Amino acid sequence: MMRVLYSLLLVVLSPVLLGWMALRARRAGGRWSVLGAVRFGRYGRTEAEPGAVWVHAVSLGETRAAHPLIRALLDRGHRVLLTHLTATGRAEGARVYAAELADGRLRQDWLPYDFPGAARRFMRHHRPAVGVLIEREVWPNLVHAAARAGVPLVLASARMSESSLRGTLRLGALLRPAYGALTRTYAQSLTDAWRLEQAGARQVAVSGNFKFDLRLDHERMTRGAGFAARLGRRVVVIASTREGEDAPFIEAIRREIGQRRVRGDDSGPPLLFILVPRHPQRFEAAAELLQAAGLPYVRRSRLLELGDDSSPAVQACHDAVVILGDTLGEMAWYYACAQVAIVGGSFAPLGGQNFIEASAQGRPVLVGPHTENFEQAVGDALAAGAIARAADPDQAVRQAVRWLDDPASQHRMGETARDWVRQHAGAVARVVDGIETLLASAPGPAMLRCKSSR
């Protein structure tokens, strides 16, 4: 009954919701297809080959988190259907899996809005053998449609914060059946597993976090390390900054550089900061803030135009205090360029961003006070001495520079971080094994076709 009321409310509020989506798309840029037919589960006369493993990664972060899983599925010979809700997630998938898209082993599509008919048409069109939702994407009508179509659903690398649990329990009559209809749930931690069970999930197991199974981009890392060597400077990357963080970090950089000049502290190679906003729609705003602060900067996109690690690119950085990271898909390059990493999204109440790639590269990492999205990982890493916490951007910049001034401590913490990541790997293999167990007992394409047409 509650799901019916929820569906009616979606229909009533759809003009407002679609208007919000259109506004978000305009701000973010990219092609969102907000009113496209596939967003409503309408595919015309096109036919999709049934039996793929469907992986839903809503946005950029979830798409990146799903990379190890998708790669493992492809390596084991499975076809993959990859769906998204945002243009940034879709663009990332298209970039990473260009070869697999070309040869048909992977297909991309938009996930339709959570209207009952759209969800049913999605299942009828694609007829996946099993569905995998990444981290926390549980939609009532989508889950119901999957159950009706006989498609087992797995929630993988699942997490649930205390605040999310409170919200879920408030909507218990709507969300509890959705969580209860999941075939299996693989939680990131024991705490997540307990909260997911409270939310209604059954068959909950602790598998760990996919982010520990990342495959490092060694080609970009090699280029980044080579560029840093040619620069001959001490480099701090401030990665994945979000709304409200760029300005205080730029002010912290300005203050640190100014104080060093006043003290006449020119010992060692000069400092260079790399500022990487998480979302491309904020690249220009960050550039304006750097300009207003009087900090000489060069864009990463300009370095690429000059020839990546060419002599002109190195020369373009000569007078710069900041490299503005205005490109996508190059986080491996940014971390490889730097000796120390500050990871944003955690210096404003936004829940934090993924710091594990920096740790996997052996970089000492600083995070801020707001890390609810990575609660277990941050707690474990702090206890292991693999990362450190700073109260605000000023403290983070000062601590990063102290590490640069103490190479022995910097190296020791970086090695601790690298070892810590290795110790937590293995989540993907556990989940893929579970998916293959479901596939072994799943009905064939013909049966799927019959079920989804009911």
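Q: Which residues have the most contacts inside the largest nonpolar core?
A: In this predicted model, the largest nonpolar core has 48 residues, and those with the most contacts inside it are Trp54, Phe122, Met123, Leu155, Tyr179, Leu182 and Leu196. A nonpolar core here is a set of buried Ala, Val, Leu, Ile, Met, Phe, Trp, Tyr and Cys residues joined through side-chain atoms within 4.5 Å, where buried means under 20% relative accessible area with a 1.4 Å probe and protein chains only.

Q: Which elements give two or more residues to this core?
A: They are helices H1 (2-28), H5 (116-126), H6, H8 (172-180) and H9 (190-199), together with strand S5 (153-158); helices (H or I, at least four residues) and strands (E, at least two) are DSSP runs, numbered from the N terminus. The largest share, 6 residues, comes from H1.

Q: And is there a second core, or what does it include?
A: A second, separate core of 39 residues includes Val314, Met331, Ala360 and Val378.

Q: What cut-offs and numbering sit behind all this?
A: Residues are numbered from 1 along each chain as its sequence is written, and side-chain values use heavy atoms, with hydrogens and water left out. Because the model is predicted, local features need pLDDT of at least 70 and side-chain atom pairs count only at pLDDT 80 or more, while totals for chains, interfaces and linings use all residues.

Q: Back to H6, why is it largely enclosed?
A: Helix H6 (residues 140-149) is largely enclosed by the rest of the structure because 7 of its 10 residues are buried, namely Pro140, Asn141, Leu142, Val143, Ala145, Ala146 and Ala149. After H6 comes Gly150, which has a positive phi, near 75°.

Q: Where does Thr185 lie, and is it buried or exposed?
A: Thr185 lies in strand S6 (residues 184-187) and counts as buried, at 0% relative accessibility.

Q: What does Thr185 touch?
A: Not counting residues up to four places away in sequence, Thr185 touches Leu155, Ala158, Leu196, Ala201, Arg202, Gln203, Val204 and Ala205, a contact being heavy atoms within 4.5 Å. Under that sequence exclusion, Leu196 in turn touches Leu155, Ala158, Met160, Tyr179, Thr185, Ala187 and Ala201.

Q: Switching to Asp326, where is it?
A: Asp326 lies in the loop between strand S11 (322-324) and helix H15 (331-337), and Asp326 is buried, with a relative accessible area of 13%.

Q: What is Asp326 in contact with?
A: Leaving aside neighbours within four places in sequence, Asp326 is in contact with Phe283, Arg299, Arg300, Ser301 and Tyr334. A polar atom of the Asp326 side chain lies 3.4 Å from the backbone nitrogen of Arg300.

Methods: Buried < 20%, exposed > 50% of the residue type's maximum accessible area, 1.4 Å probe, protein only. Polar contact = N/O pair within 3.5 Å; in protein donor to acceptor, adjacent residues only side chain to side chain.
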